[in-house]
Amino acid sequence: MSVKSIIMPFASKEDGEQRLEGALNVARFFDAHLDVLHAQVGTEKLMPSEKLLVTRKFYDQIDKLVRDYVHDDMVQAKQSFERLCALLNIEDEVVGSNKSSAKWHDIFGYRGEIVAVWGKVSDLIIIPQSLNGQTSVSFEAAVNHGGKPILVMPRKQTFFNPETVMIAWNGDKPGANAVNSALPLLKKAKQVVVVTSEKYLPKQPTQVDLARYLARHNIDVECITFTHKSRNTGSQLLEVASEISADVIVSGAFAHQKIHQKVFGGVTQKLLMRSNIPLWMMS
């Protein structure tokens, strides 16, 4: 597998330039194409029922205000994107070319629905770290419906050239899926470290099994274990990541089914909330 098609939803201008530059540099790292999906919601979606409650004239005035605001927002963000592409020497997609490329898409619709659709025909979904520490609509849509790995980027990180990659390993399926999807990343890294809590050491497949699997892909790894303490495992993983100067953490996105929704586990929540480096995740 290689990473050749990347998507990133873009719906707000908060840290917009940094997020765009970071995503463009991810595309450069993989020599991939990036589709920036600028999602905006029009009046008909913001106020679907209000149309029946107000006069046509008043509704049209609201609609014009919303569309003017959306237009101005789109123009400013797109200008930043085009300026960054020129600065980084990234052009529009050329079929058959191995150079990194990028394209801007103005799309009216709900961000989650757009991610769910476009994610199915991409290799990687870039999601910015949430401002409030909670899982975002984009992240949940990517995990539940996108079917592809997710790269959660710190909102202000503009560079991407990871040398040390840490794998958080406990033998579960989401972690195995994350590792398998991250092979293109692991092959480019200078150092790969597999980190496991001692309480998961006996669980199969073990660190040794994973190291053997990765060796067949010509990826050498170092294995580390840490003593499980009473506090959240996610916090301990972040401590180890800091100690080894990891640039990216590869981890499963662990979710528990609760009625009709998925509730993300404590380790996943802690990583999403506290990590100051990118997270490569998959469920």
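Reader: Does Ser197 count as buried or exposed?

Author: Keep in mind that this is a predicted model. Ser197 sits in strand E7, which covers residues 191–197, and it touches Phe226 and His228, leaving aside residues up to four places away in sequence. The cut-off for buried is under 20% relative accessible area. At 3% relative accessibility, Ser197 therefore counts as buried.

Reader: OK, zooming out to the sheet: which strands stand at the edges?

Author: The sheet is open and has 10 strands with mixed pairing, in the order E3-E2-E1-E4-E5-E12-E9-E6-E7-E8. An edge strand has a single partner, so one side of it is left without a neighbour in the sheet. That is the case for strand E3 (101–108) and strand E8 (221–226).

Reader: And what does the twist average from one strand to the next?

Author: Take the order again, running from E3 through to E8. Going from one strand to the next along it, the twist averages 25°.

Reader: In which sense do E4 and E5 pair, and what stands opposite Ile127?

Author: Strand E4 (residues 124–128) and strand E5 (residues 150–153) are joined over four bridges, in the parallel sense.

Reader: How does the lining of the second largest pocket divide by residue type?

Author: That pocket holds about 170 Å³ of space. Ile127 turns up in its lining, with others including Pro9, Arg19, Ser130 and Arg155. By type, the lining residues divide into five nonpolar, four polar and three charged.

How values were computed:
Residues are numbered from 1 along each chain as its sequence is written. This is a predicted model: local features need pLDDT of at least 70, side-chain atom pairs count only at pLDDT 80 or more; totals for chains, interfaces and linings use all residues. Side-chain values use heavy atoms; hydrogens and water are left out. Two strands pair if DSSP finds at least two bridges between them. Helices (H or I, at least four residues) and strands (E, at least two) are DSSP runs, numbered from the N terminus. Axes are lines fitted to C-alpha atoms, for helices over the stretch in contact, and angles run from 0 to 180 degrees between N-to-C directions. On a 1 Å grid over the protein atoms alone, a cavity is a set of points where a 1.4 Å probe fits but cannot get out, and a pocket is an open set with protein on both sides within 12 Å along at least five of seven lines; lining residues have an atom within 4 Å of a point. Grid points are joined across faces, edges and corners, and a volume is the space filled by probe spheres set on the points. Ala, Val, Leu, Ile, Met, Phe, Trp, Tyr, Cys and Pro count as nonpolar, Asp, Glu, Lys and Arg as charged, and the others, Gly among them, as polar. Buried means under 20% relative accessible area, exposed over 50%, partly exposed in between (1.4 Å probe, protein chains only). Contact means heavy atoms within 4.5 Å.
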